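Work through the exercises below with the structure open beside you. Try each task before you read its solution.

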Amino acid sequence: MPGVYLALLLITLGCMVILDWRYRLFFWRGPVRAAATLILGVVFLGVWDALGIGLGIFFRGDSPLLAGLTLAPEFPVEEVFFLVLLCYLTMNLYVAATRLLSRRGGVGGDGGNPS
Amino acid sequence: MSYAALDLVMLGAAALIALVAVVFGRARVSWAAAGLALAVLLVATGVFDNLMIAVGLFHYAPHSVLGVAVGRAPLEDFAYPLATALMLPVVWEAVGRWQPADVRTVIASSRPISWVNTAYPFAAAYLLSTTNISVTFVVGTLFFLVPYNLLMYGINDVFDYESDLRNPRKGGVEGAVLPKRLHRPVILAATLSTLPGMLYLLAVGSWLSGLLLVLCVLGVLIYSTPPLRTKERPVADSITSSLHFVGPAIVGLALGDAAWTPQLLALLAAFFLWGYASHAFGAVQDVLADRAAGISSTATVWGARVTARIAIVAYALAGVAVLLSGWPGPLAAILVIPYLLVVAPHWNVTDERSPEANRGWKWFLWLNQLTGFGVTLLLIWWALGR
C-alpha cells in the first residue's frame, strides 16, 4: 500500500507535536529557537544522506510502502519527514531529560519553567 | 569512500559545530540529559532501523558497509542519532541565550536586501551551464543566499564594530550596528550555516569547483578580517568586493562544467568591472566619515575625485567588455548607461562635497534591481536561442 510509511511518519510527528504542546518542550518553549535548531539538524542530516547517496552507499528500496515521490535520485520525500522526526525526537527527549534531572536535584539544564 | 568513513567526516563536522556553539555561543549543555536522550535514541534506532530495513524502505551497497550489524541495522546507522544528540542540544542552548530582538539583528547583519545578489549569479551560472535543476543547484543557491551573506556581512560587522559606531549611515537599510555581545552569536550563526552547504558542494564538485569555492569563501573572509583586511587597502578593496559577487557565478560555472570560452570570460570581466566600479563609487560618499574613523580605502588614500573617476572608467570598460560576449550579451551594454548617468555628474567631486555621492549611491539600490531584470531577460533569450 503506497504511502503507508509517509502516513506513519506523519502520525509519529503528530505525537511529537502533542508531547511538545502538552509539556512545552521544544516549539512551545521557544519557537524561533526550536525552528533554528530543527532546520540546522535537518539540513545537516540531509547533506549526510545526499553524500551517502552520491557515494553509492544507500539506495532507496522498492518497498510498496513508499509513496513513490522522490526529491532527487534515491531520495524519497519520506526521508525529509524522517529527518525532521529524528531531530524533533532528539530535542523533546533532551529537554524532557533536563527537566527530569533537575527535578531530582541534579545539575539541571534549563529547568522546568517555560520562558 | 565507505559508509564508516562518511560517518567519521560527518561526526567530525557535528563535533565542530558543537565546539563552535560552546566556545562562541557559550552554550551550557546538560551533558547528562544529552546522554539520556542518546540512550533512548540508540534503542529506538535499533528497533526502528531494523523494521525499516526489513520492509525494504532502503538498502546499502554491501561493499561500503563494515558488516557489523545489530540485527539488520548496520552499526554505521547509529552515527545519525549520535550526531543529533551531540549537536542539537548544544545549538538549542546556544540559540536560547539570544533574545528575539537579537535574532532579528543577526539576520539584519546579513543584509537580507542583498541576499539575491549572491544567490542569483550562482543560480543563473549553474542553471545555464547544466540546464537542469538538481540537488546541487538547490543547495548551492541556498548556500549563496543566506550563509554566504552571513559570513560576508556578519563577520564584516564584527570587525567594523568601532568604525560603524562613528558612521551614522550604517544602521538602516545599508547595514546594522552590531552590539558587542552579538559578535559571538554572529560568528556562530555564520559558521553553523556555512558548514553543511560547503561540505556538500566540496563533495559533489570537481577539484576545480572545490578550489574556486574555497577561494570564494576565503575572499569573503580576508575582506574584513585582519591581518589582510583588504577592504582597507586601495584597489584590493574594490577587487575583493567585486569578487564576492562574481565568485558565486564562477563557482556555479565550474560546478556546471561550463566551457570557458573567450565570450564567457568577457562576460565575467564585464560583471567584475561593474562590481569594481560600484564598490569604488560607494567608497566616495564615505571619505570624510572613514577618515574621521581612521579607516582606509581607495577613496581615503587617493581622494574622492580620483576614485569617482576610476569608477566611471570601470563602468565604461564594463560596457566595452560586455560587447565582446556572445549574442545577445552585447545588448547588456545598454544597462551600463543608467549607471554612467548617475555617476558621471560626480566626475569633479571634491573630498568636502563627497557625502553628496550618497544621492547617486542610493540610486544603485534600485538600478541594481533593474539591471538584474534586464540581465535575466537576456539570459532567457540566450537560453531559448541555444
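A salt bridge is a side-chain nitrogen of Lys or Arg within 4 Å of a carboxyl oxygen of Asp or Glu. Keep in mind that this is a predicted model.

**Exercise 1. Which residues of chain B are linked in a network of salt bridges?**

Solution. 
- Start with B:Asp160 and B:Lys231. Their side chains meet in a salt bridge, 2.5 Å from N to O.
- B:Asp160 sits in the loop between H7 and helix H8 (161-165) of chain B, and B:Lys231 in the loop between H10 and H11 of chain B, so the pair ties together parts that are 71 residues apart in sequence.
- B:Asp160 and B:Lys231 are both buried.
- Take the next pair. B:Glu232 and B:Arg229 form a salt bridge, with their closest N and O atoms 2.9 Å apart. B:Glu232 is partly exposed at 22% relative accessibility, whereas B:Arg229 is buried at 13%.
- B:Asp160, B:Arg229, B:Lys231 and B:Glu232 are linked in a network.

**Exercise 2. Are B:Glu356 and B:Arg353 buried, partly exposed or exposed?**

Solution. 
- Find the pair. The side chains of B:Glu356 and B:Arg353 meet in a salt bridge (3.3 Å, N to O).
- Read the values. B:Glu356 has a relative accessible area of 35% and is partly exposed. B:Arg353 reaches 51% and counts as exposed.
- Over all chains, the count is eight salt bridges.

**Exercise 3. Describe where chain B meets chain A.**

Solution. 
- Count the residues. In chain B, 47 residues are in contact with 51 residues of chain A.
- Take the area. About 4,200 Å² is buried between the two chains, and carbon and sulfur atoms give 81% of this.
- Name the main contributors. B:Leu57, B:Tyr80 and B:Trp92 supply 21% of the area that chain B buries against chain A, more than any other three residues.
- Look for charge pairs. There is one salt bridge between chain B and chain A. B:Glu93 and A:Arg33 form a salt bridge through their side chains, at 3.6 Å from N to O.
- Between chain B and chain A, 11 residue pairs are in polar contact.
- Find the elements. Those of chain B that give two or more residues to this side include helix H1 (3-23), helix H2 (31-54) and helix H3 (79-96). H3(B) gives the most, with 13 residues.

**Exercise 4. Which helices of chain B do the buried residues of H6(B) pack against?**

Solution. 
- Locate the helix. H6 of chain B spans residues 135-145, and its buried residues include B:Phe137, B:Val139, B:Phe143 and B:Phe144.
- List the partners. The buried residues pack against helix H5 (115-130), helix H7 (147-159), helix H9 (183-204), helix H10 (207-224) and helix H11 (236-255) of chain B.
- Step back. Chain B has 17 helices and three strands. Of its 386 residues, 54% count as buried.

Technical notes: Residues numbered from 1 in each chain as written. Chains lettered and ligands numbered in written order. Predicted model: local features only at pLDDT ≥ 70, side-chain atom pairs only at ≥ 80, totals over all residues. Heavy atoms only, no water. Buried < 20%, exposed > 50% of the residue type's maximum accessible area, 1.4 Å probe, protein only. Helix = DSSP H or I, 4+ residues; strand = E, 2+ residues; numbered from the N terminus. Contact = heavy atoms within 4.5 Å. Buried area = accessible area lost by both parts, 1.4 Å probe. Polar contact = N/O pair within 3.5 Å; in protein donor to acceptor, adjacent residues only side chain to side chain.
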